[in-house]
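Hello,

I am passing on the structure we spoke about.

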Amino acid sequence: MKTILKSLILLTVITIVSCGKNKKEDKFGNPTSNQKATAEAIEFPLAEKGKEIFEGKGTCVTCHKLDIKVVGPSIQDIAKIYKEKNASIATFLKGNEQPIIDSTQFEVMKANFAITKAMTNEERQSLEQYILSEGK
Ligand code: HEC
């Protein structure tokens with residue numbers, strides 16, 4: 001008898017939890033995080049790959065953190081300014097553009113073009129999508 005009761009309770013809990021997962025909106029009518037993630041995947045399909053490069057072989061994360069300026073401007077600041085100016089991060093990373101954020105520190109960033117110039121277009125696009133996807 002006890003076991004049946006336990007299974008019933010467990011079943012109820014599972015049902016409640018799994019129903020919650022399928023909800024399309026929270027109580028304020030905003031999309032759930034699941035939906036947000038899907039929307040981001042559609043807008044920035046290469047963002048995941050970009051994050052890997054950013055934190056891996058690109059070594060970008062050494063100088064760029066998500067929301068604070070360290071050696072370089074924060075990822076969010078870069079995203080904001082590039083969105084506002086409708087400029088291309090991927091093109092900048094090819095090494096043919098002037099900086100639009102901080103020309104006084106450009107020499108420090110320039111050293112990285114050795115790495116980013118050797119990347120494929122898709123890799124530079126991935127970095128761009130990752131940065132933009134973190135923007136607000
Ligand atoms: C050694 C530190 C360092 C590393 C590593 C580094 N950056 Fe930077 N980055 C900077 C500094 C300093 C600036 C500010 C100067 C400037 O605006 O160009 C900057 C600026 C930028 C900007 C804005 C450029 C503009 O228009 O002004 C972008 C985009 C950027 N970095 C992307 C990257 C990416 C992507 C990587 C990895 C491939 C990377 N950075 C690696 C230091 C670094």
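Which helices each supply at least two residues of the lining of the second largest pocket? They are α2 (33–43), α3 (47–55) and α8. Please keep in mind that this is a predicted model.

The second largest pocket has a volume of about 160 Å³. Its lining consists of Ala37, Glu40, Ala41, Phe44, Ala47, Glu48, Lys51, Tyr130, Ser133 and Glu134. By type, these residues divide into 5 nonpolar, 1 polar and 4 charged.

The largest pocket holds about 520 Å³ of space, and the ligand sits in this pocket. Two or more residues of the shell around the ligand come from each of α4 (75–84), α5 (89–93) and α6 (106–110). For the lining of the largest pocket, α4, α5, α6 and α8 (121–133) each give at least two residues. That lining has 28 residues, and His64, Pro73, Ile78, Phe92 and Met109 are those nearest the pocket centre. It is made up of 18 nonpolar, 8 polar and 2 charged residues.

Now the ligand itself. There are 23 residues around it, of which Cys60, Cys63, His64, Tyr82 and Met109 come nearest. The shell contains 15 nonpolar, 7 polar and 1 charged residues. Tyr82 has a polar side-chain atom 2.5 Å from an oxygen atom of the ligand.

Regards

Conventions: Residues are numbered from 1 along each chain as its sequence is written. This is a predicted model: local features need pLDDT of at least 70, side-chain atom pairs count only at pLDDT 80 or more; totals for chains, interfaces and linings use all residues. Side-chain values use heavy atoms; hydrogens and water are left out. A residue is near a molecule or strand if one of its heavy atoms lies within 4 Å of it. A polar contact is a pair of N or O atoms within 3.5 Å; within protein, one must be able to donate a hydrogen and the other to accept it, and residues adjacent in sequence count only if both atoms are side-chain atoms. On a 1 Å grid over the protein atoms alone, a cavity is a set of points where a 1.4 Å probe fits but cannot get out, and a pocket is an open set with protein on both sides within 12 Å along at least five of seven lines; lining residues have an atom within 4 Å of a point. A molecule sits in a cavity or pocket if more than half of its atoms lie within 2 Å of its grid points. Helices (H or I, at least four residues) and strands (E, at least two) are DSSP runs, numbered from the N terminus. Ala, Val, Leu, Ile, Met, Phe, Trp, Tyr, Cys and Pro count as nonpolar, Asp, Glu, Lys and Arg as charged, and the others, Gly among them, as polar. Grid points are joined across faces, edges and corners, and a volume is the space filled by probe spheres set on the points.
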